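Me: I would like to learn how to read contacts, helix packing and sheets in a model. Can we go through them one at a time?

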Amino acid sequence: MQDLTPARADLDPIEIASRDEIEALQLDRLKWSLRHAYDNVAHYRASFDAAGAHPDDLRSLGDLARFPFTAKADLRANYPFGMFAVPRDRVARIHASSGTTGQPTVVGYTKADLDVWGSVVARSLRAAGLRPGDLLHNAYGYGLFTGGLGIHLGADHLGLTTVPISGGMTQRQVRLIHDFAPKGITVTPSYALSILDEYAEQGLDPRESSLQVGIFGAEPWTNAMRAEIERAFDMHAVDIYGLSEVMGPGVANECVETKDGLHIWEDHFYPEVIDPVSGMPVADGEPGELVFTSLTKEAFPIIRYRTRDLTRLLPGTARTMRRMEKITGRSDDMIILRGVNVFPTQIEEQLMTVAGLAPHFQIQLSRPDRMDEMAVLTEAIPAAASAEARRAAAADLAGKIKASVGISVRVAVADPGGVARSQGKAVRILDTRPKA
Ligand code: DLL
């Protein structure tokens with residue numbers, strides 16, 4: 001793999017500014033953002049007042065802990081535009097969550113917000129190793145989802161040549177990668193695996209492709225998966241994080257030269273990690289739930305938003321901005337099986353160590369008789385698809401899960417192609433337990 005480290009002179013100066021400089025900027029911007037939210041969004045005025053916290057009370061970054069959290073329920077209660085802090089006609093763009101589990105969450109951007117978004121995504125793509133003039137195959141979905149259009153904005157900002165292919169039509173993805181010879185690909189890790197399958201289907205060697213870097217996010221994935229993707233494509237695989245409520249992709253990104261967690265673009269997004277039960281901030285280095293406050297957003301300021309994503313904050317390395325460790329999972333996706341907490345990423349980690357199994361899986365939860373049961377549905381690789389090889393692989397995986405996670409699960413190994421493929425975010429958990 002080629003060295004794609006960006007030149008220091010090409011970085012935004014703030015990426016490598018001193019901590020003092022970064023924190024001084026954060027404090028200034030935080031004062032503005034709290035004031036902006038309080039003055040312009042009825043919800044924030046009411047919630048700050050109820051908590052007895054006034055924007056003028058903020059003297060240090062630590063004072064932010066006196067302000068109330070914002071949760072997804074608050075956004076739903078103010079559907080569609082109640083959280084906007086500018087008149088609707090100043091909103092240049094709207095995105096929304098799919099709303100499959102309830103009222104969609106609507107977010108908005110002014111023109112200035114779009115400029116900021118473009119600049120942080122550009123910074124992310126550069127950190128991943130892309131340079132002006134490079135060709136990018138953007139396979140995140142276009143539409144209300146922030147993935148496709150968010151990456152597109154940043155690619156324009158950086159001066160890339162963008163192929164806005166969006167998700168789906170996997171045969172065509174492979175064909176265009178082959179014909180257009182992109183240097184980078186932006187896609188969910190699970191859809192990257194579908195594309196990888198299609199390479200085999202077409203008899204093409206992915207290691208021969210032009211791709212030098214993949215920028216993967218929108219769902220949890222493990223370092224074991226990184227190793228698998230890097231080996232399969234002979235390219236770098238870096239992690240990109242974001243969420244629509246805070247901006248979209250480009251809130252944090254890994255640096256290709258270190259791949260040691262995601263640098264949070266702290267000049268625009270102020271991170272905290274809290275104990276999810278007590279709500280108290282924990283020290284850097286301690287695990288907990290990630291909380292974000294926007295520092296510069298005009299249309300949709302967001303104050304202490306509880307992301308439900310679990311990680312910890314780490315000091316800067318390749319940049320002075322702090323890192324977040326690769327996300328373990330969302331608290332919503334945590335399975336409690338007979339008293340043991342399990343995340344799909346723990347299953348992924350073990351799955352990747354079993355020869356003979358493909359990297360595709362789903363977790364099925366059922367309650368056949370009052371006890372919760374978990375089954376892992378995965379599939380054999382074509383070279384190990386005999387009944388005997390599948391039985392051995394299933395026993396191997398069940399044993400590894402028992403040893404590392406401490407739970408007994410049933411493993412079903414389907415034929416090659418037997419696990420549903422993702423075209424965007426993978427559905428990892430099928431819960432058929434009766435609703436309480
Ligand atoms: O998924 C934005 C995005 C698009 C990020 C493309 C990266 C690339 P939402 O649809 O609002 O936005 O979903 C946000 O996805 O709270 C996490 O639970 C999860 N997520 C996003 N990036 C990562 C990542 C986009 N790198 C939710 N690792 C977040 C783990 C991620 N989970």
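Reply: Start with contact, which means heavy atoms within 4.5 Å. Keep in mind that this is a predicted model.

Me: Which residues does His 43 touch, not counting residues up to four places away in sequence?

Reply: Asp 74, Asn 78 and Met 83 are the residues in contact with His 43. His 43 itself belongs to helix α2, residues 42-51.

Me: Is His 43 buried or exposed?

Reply: Buried means under 20% relative accessible area. His 43 has a value of 17%, so it counts as buried.

Me: Now helix packing. At what angle do α7 and α8 pack, and how far apart are their axes?

Reply: Helix α7 covers residues 189-201 and helix α8 residues 223-233; they pack at about 30°, with axes 11 Å apart. Angles under 35 degrees count as roughly parallel, and therefore α7 is roughly parallel to α8. The crossing of α7 with α8 is left-handed.

Me: Which residues in α7 and α8 meet?

Reply: From α7 come Pro 189, Ala 192, Leu 193, Leu 196 and Tyr 199, and from α8 come Met 225, Ile 229, Ala 232 and Phe 233. Sorted by class, this contact of α7 with α8 has nine nonpolar residues, with no polar and no charged ones.

Me: On to sheets. In what order do the strands of the sheet with β10 lie, and how are they paired?

Reply: Read the order across the sheet: four strands, β10-β11-β12-β15, form an open sheet with antiparallel pairing. At the edges are β10 (269-274) and β15 (329-330), and each of them pairs on one side only. Inside the sheet, β11 (residues 288-294) and β12 (residues 305-311) run antiparallel and are joined by four bridges.

Me: How many bridges join β18 to β21?

Reply: Three bridges join β18 (residues 357-366) to β21, and these two strands run parallel. To find the place in the model, look for Ile 363, which stands opposite Ile 429 in β21.

Definitions and conventions
Residues are numbered from 1 along each chain as its sequence is written. This is a predicted model: local features need pLDDT of at least 70, side-chain atom pairs count only at pLDDT 80 or more; totals for chains, interfaces and linings use all residues. Side-chain values use heavy atoms; hydrogens and water are left out. Two strands pair if DSSP finds at least two bridges between them. Axes are lines fitted to C-alpha atoms, for helices over the stretch in contact, and angles run from 0 to 180 degrees between N-to-C directions. Angles under 35 degrees count as roughly parallel, over 145 as roughly antiparallel, 65 to 115 as roughly perpendicular and the rest as oblique. A crossing is left-handed if the near helix is turned anticlockwise from the far one by less than a right angle, and right-handed if clockwise. Ala, Val, Leu, Ile, Met, Phe, Trp, Tyr, Cys and Pro count as nonpolar, Asp, Glu, Lys and Arg as charged, and the others, Gly among them, as polar. Buried means under 20% relative accessible area, exposed over 50%, partly exposed in between (1.4 Å probe, protein chains only).
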